[in-house]
Each structure stands twice: as C-alpha cells, then as structure tokens.
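Me: I have a model open and want to learn to read its features. Please take me through them one at a time.

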Amino acid sequence: MTEMAGMAEKKEKNGGNGKPATLLTDALVPIVLQEFRRLYASLGHIFTTGLATAVVMALFMYIFGDFIGEKLPLINQGIADDAKFYFTLAAIIFSAAALSRWIRTLIYEQHGWLYSLKMFGQTDSHLSYLSSLVCGLLLILGLTVTAILLNYLFNPLPPSLWAITLVLVPASIVYLRATGPRSIQKRQRAPHSCQNTTEHPLVSWRHTRVLSGNWPGANLRVLAVVPILFGTTSLARHSPVVLAQMCCLIGGIILSWTVPFLIAEDLRVTWIERQSAVNHEQWLGAWQKIFQQWTKPIFITTTILCLFSFSVNSANTNEPFALFTSPQLTAAVGQSLLAGLLAAFPVWLAPAFIMQIDGRHVMTNIVLLTLIGMFTGTAIIAVPVLAPALYFLNREAHRYQGGRFARGSFN
C-alpha cells in the first residue's frame, strides 16, 4: 500500500499522466489552442468585423495614395515626394502602435499569456525572455506585412523607411517591456474623488473617470492642442485662412481619437449596466453628453484665438483699424467661428460612429473617424452653409447604430 501511494504521488507530481510537466506541452500549447478555439467560436463576428475594417483601411489608403501618388505630382513633384515619405512614415508608426497595443492586451494584461504562465509557476526571468521573443516575432511579422503593402502602393520604399521599420521592432519591445507589466497596476489606481451629484449617474461616474486622466489615450488631448495653436497663431503671420482651418480640423480629429479609447475601455465593464436594464440610447447618450461638454470650451477658445490673431494681423498692416470696418470684421468673425467649429465637431460627432463597426477595435475606429472628419471638415470648409447638416448627420448615425450596446461588449 505504501509503495502504491508513493507511485500515485509521483504520478501526480509529474502531471497526472506519468510524464513530467513541461512548459511547451502543458502551458504554451493549451494557450495557443485556447486562442484558436476562441477565434473559431466567434468566427462570424471576426469575419464581418475584419471585412469592414479591411474596407475602411483600403479606402483610407486609396484616397491618400491616389492624392499623393497621382494628383499631387501634377502640381509639384517635390511636395509630392515629401508627402509620400511622411505619409508612409506615419503609416508605419501607426502600424507599430497598433501592433504594440494588441500585443500588450494579448500578453501583459490581466488573464493574458504572461498571467497564465505565472500561474504555471514560471520564473520572472524566464517569462521576460519568452515574452520578448513572442513580441519580437509578432512585431516582425506585422511590420513586414505593412512594409510590403506600402511598398506595393508607393513603389518603391526608400531604404530609410525600411531602416525605420527595423528600428521600430526593438523600440516597440523596449516600450512593451517598460509599460506592459504596469498596465494592470494603472487600471487599479484609486479613481478621482470629485463627483458631480447634479449629473445623471451614468454621466457622473464616467465624467469622473475622464477627469482622472488615468486612461489610455489621455495624452492625445495635449497632442490635439498643437495643430490648433499652430493654425490659430499662424493667422497673425499672414498665413492663408484655409491653412489655419485645416490645422484646427486636424487638431479636432486627433482629439476625436480619444473617444475610441474611452469607449473600448468602458465596454469591458458594461455587464453591470446591461444587468441593470440600461439600454443603448442611455449608455451612449451618457458619453454623448460628456463629449458635448468638451466641444464648448474648444469652440470658444479656438474662436477667440482666431479673432485675436486676426487683430494682430491687422495691427501689423498699414491700416491697423481695417479689421474694425464692417466687411473685414464680418469676414474675420465668420472665419473664426468656422475654425472653432472645425476644431470642435469631430469629438462631438465621434460617438455617433463609434459602434458602426465594433466599439472594441480602437485602431479601426481611429481610421474611420479620421476619414469621416476629413470628408466632413473639407466639405464644410468648401461650403460653410453645410455646417447645420452636422446635426442631421449625428442624429441619423446614432439611429443607424442603435441597439449595438449589448452585443458590442467584451462580456
């Protein structure tokens, strides 16, 4: 009996089947198989979302590729070459950022691969080496495919961009090693304590979350200020008004990129609201109110900065009081109001499109909001009387994506 008990104990230590437990067969293989089962179970959703994402990405690349590769060279070949270089560079950096975000979710966040391997009893040094190896392989594969597609679109890519692609691989690994393991700790920080009891509860606690600044993409708010300040202050240096308005539009589009980050993070915990019978209109309406509050200071500040720059521009001319004559003042006020609208409307319009494809796919929604902002903004710059149509666009887009809150959550 004692001998049989010892054999049973030895068999249990060796994994229950008489074979020694190994990292490959007992940890990595089950994790990979689990990912394949998860993909197979949601194959229909992945196919439709992937197809919509591919259409949006293809449209984005076709529009800018045709403009940079065909139309712009007819005007100025030098500007076209510079635009092609910087556009391709931005596409490579954007791809590296998207891959890094996906890898961090897959490996480093709670219940990711690293978490599962820690439960298996692996040491930190072994896991650090293994995670860096997996990150490197995924980054090399993703960036290589991106570079090949860009090389096909803008044939050929210069050697400098291939070199930048190679440099982004170790840079992304270092970034993931530095920030990935701390992502769980950042999510567990204490929330901001200042709550507005006069707001609806659905709005109040989300507004409190935004005020804390402890959410992915919060730094985009600072980045959005740069083109808006550049555009408004350029008017004081006799720059074209269209350039200033385009800069304000770019700043507004960058600010709208914060919406996908906040929505994707919120969809992780919406099971509470779904069990409390909160419907799509109530949930998305809460976010719409929050982003609508953002638009007011953006619109007012941008308009005042443009008026101030117009006054400085007029003071530097031979007729310093020309701005205060009726036609010039009317034109300056109209152009300033238009610049303020261009800086404010993208973030206000973003909630109406955030669930059109999948609210959980941040990078897809960023590309989608960029296309919508560029199309809508340039149309308003060309024909300012179209500005009231933004209200109808917002209303119809909200109606079209109605009811997607429940099936768009992570759980």
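Me: Which residues form a nonpolar patch on the surface?

Reply: First, the ground rules. This is a predicted model, where local features need pLDDT of at least 70, side-chain atom pairs count only at pLDDT 80 or more, and totals for chains, interfaces and linings use all residues. Residues are numbered from 1 along each chain as its sequence is written, and side-chain values use heavy atoms, with hydrogens and water left out.

Now the idea. Patches are made of residues with over 30% relative accessible area and no salt bridge; like charges are joined within 9 Å, nonpolar side chains (Val, Leu, Ile, Met, Phe, Trp, Tyr) within 5 Å. Areas come from the Shrake-Rupley method with a 1.4 Å probe, and for residues only the protein chains shown count as cover. Here the patch is Trp205, Val269, Trp271 and Ile272, with about 370 Å² of accessible area together.

Me: Where is valine 269 placed?

Reply: Helices are DSSP runs (H or I, at least four residues), numbered from the N terminus. Valine 269 sits in the loop between helix H12 (258–266) and helix H13 (271–275).

Me: Is valine 269 buried, exposed or partly exposed?

Reply: Buried means under 20% relative accessible area, exposed over 50%, and partly exposed in between (1.4 Å probe, protein chains only). Valine 269 has 36% relative accessibility, so it counts as partly exposed.

Me: How many residues of H12 are buried?

Reply: 9 of its 9 residues, so by that cut-off H12 is mostly covered. Among them are Phe261, Glu265 and Asp266.

Me: Which residue forms a salt bridge with aspartate 266?

Reply: The general idea: side chains of opposite charge can pair when their charged atoms come close. The rule is a side-chain nitrogen of Lys or Arg within 4 Å of a carboxyl oxygen of Asp or Glu. By this rule the count is 4 salt bridges. Aspartate 266 pairs with arginine 206, and the closest N and O atoms are 2.7 Å apart. Aspartate 266 lies in helix H12 and arginine 206 in helix H9 (residues 201–212), so the pair ties together parts that are 60 residues apart in sequence. Both aspartate 266 and arginine 206 are buried.

Me: What is the N to O distance between arginine 360 and aspartate 358?

Reply: It is 3.2 Å, and the two side chains meet in a salt bridge. Arginine 360 is partly exposed, at 22% relative accessible area. Aspartate 358 is buried, at 4%.

Me: Where do arginine 399 and glutamate 396 lie?

Reply: An α-helix has 3.6 residues a turn, so residues three or four places apart point the same way. Arginine 399 and glutamate 396 both lie in helix H17 (residues 389–400), 3 residues apart, about one turn of the helix. Salt bridges that share partners join Arg395, Glu396 and Arg399 into one network. The N to O distance for arginine 399 and glutamate 396 is 3.6 Å. Arginine 399 is exposed, at 56%; glutamate 396 is partly exposed, at 35%.

Me: Which helices each supply at least two residues of its lining?

Reply: Helix H15 (326–349) and helix H16 (362–382). The lining includes Phe345, Leu349, Leu369 and Ile372.

Technical notes:
On a 1 Å grid over the protein atoms alone, a cavity is a set of points where a 1.4 Å probe fits but cannot get out, and a pocket is an open set with protein on both sides within 12 Å along at least five of seven lines; lining residues have an atom within 4 Å of a point.
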